[in-house]
Amino acid sequence: MSEKDLRWNKFIEEICFRELSTLSLVQRKAVLCFWYDAEMNNGGYCGYVDCYPETDPDELEEAILAVAYKEIADNYRKAVTDGENDDWDETDTAYYGFSPSLSDCLERYVETNRDVIFN
């Protein structure tokens with residue numbers, strides 16, 4: 001396993017399970033995106049909101065913009081504001097089509113910020 005892969009595993013195992021209030025801003029953005037991506041890939045937006053109903057939409061949108069790019073953030077915002085109209089079919093389908101994916105962007109973000117993430 002490469003050093004990069006080991007760091008990614010360490011991020012998931014050690015950083016993602018900390019209380020959000022204990023994280024630095026860079027760590028917090030990464031963790032928010034990790035849990036959003038994980039739940040989107042597990043049950044779509046409906047699953048995400050069931051697991052994380054207290055999420056501040058503005059904070060997650062800002063985190064997505066820092067980690068990934070505007071189209072993913074815009075899709076998230078659309079899911080928050082209009083997604084329920086079609087049970088999140090449109091926004092979930094769009095999410096699965098993004099390339100690079102949020103997960104790909106997050107892996108790059110963690111690697112680029114490894115000195116802060118693992119501090």
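Good morning. I begin with Glu111 and Arg114, whose side chains meet in a salt bridge at 2.8 Å, N to O. The term salt bridge denotes a side-chain nitrogen of Lys or Arg within 4 Å of a carboxyl oxygen of Asp or Glu. This is a predicted model, in which local features need pLDDT of at least 70 and side-chain atom pairs count only at pLDDT 80 or more, while totals for chains, interfaces and linings use all residues. Residues are numbered from 1 along each chain as its sequence is written, and side-chain values use heavy atoms, with hydrogens and water left out.

Glu111 is buried, with a relative accessible area of 15%, whereas Arg114 is partly exposed at 36%. Here, buried means under 20% relative accessible area, exposed means over 50%, and partly exposed lies in between, with a 1.4 Å probe and protein chains only. Arg7 joins Glu111 and Arg114 in a network of salt bridges.

How many salt bridges does a search of the whole structure find? The search finds eight. One of them links Arg28 and Glu59, with the closest N and O atoms 2.3 Å apart. Arg28 lies in helix α2 and Glu59 in helix α3, residues 57–67, so this pair ties together parts that are 31 residues apart in sequence. Helices are DSSP runs of H or I with at least four residues, numbered from the N terminus. Another salt bridge joins Asp74 and Lys70, at 2.9 Å from N to O. Both residues lie in helix α4, four residues apart, about one turn of the helix.

I turn now to helix packing. Two packed helices are described by the angle between their axes and the distance between the axes. The axes are lines fitted to C-alpha atoms, for helices over the stretch in contact, and angles run from 0 to 180 degrees between N-to-C directions. Helix α1, residues 3–15, and helix α6, residues 102–112, pack at an angle of about 100°, with their axes 10 Å apart. That makes α1 roughly perpendicular to α6, a term covering angles of 65 to 115 degrees. Lys4, Arg7, Trp8 and Phe11 in α1 meet Leu106, Glu107, Val110 and Glu111 in α6, where contact means heavy atoms within 4.5 Å.

The axes of α1 and α2, residues 25–51, come within 11 Å and cross at roughly 90°. On the α1 side, Trp8, Phe11, Ile12 and Ile15 take part, meeting Gln27, Ala30, Val31 and Phe34 in α2.

Glu39 also lies in α2.

Finally, the backbone. Most residues other than glycine have a negative phi, and most peptide bonds are trans. Asp87, however, has a positive phi of about 55°, and Trp88 has one of about 65°. Asp87 is exposed at 56% relative accessibility, while Trp88 is buried at 10%. A cis peptide bond joins Ser99 and Pro100, with omega about 0°; Pro100 is found in the loop between α5 and α6. Thank you.

Notes:
Helices (H or I, at least four residues) and strands (E, at least two) are DSSP runs, numbered from the N terminus. Angles under 35 degrees count as roughly parallel, over 145 as roughly antiparallel, 65 to 115 as roughly perpendicular and the rest as oblique.
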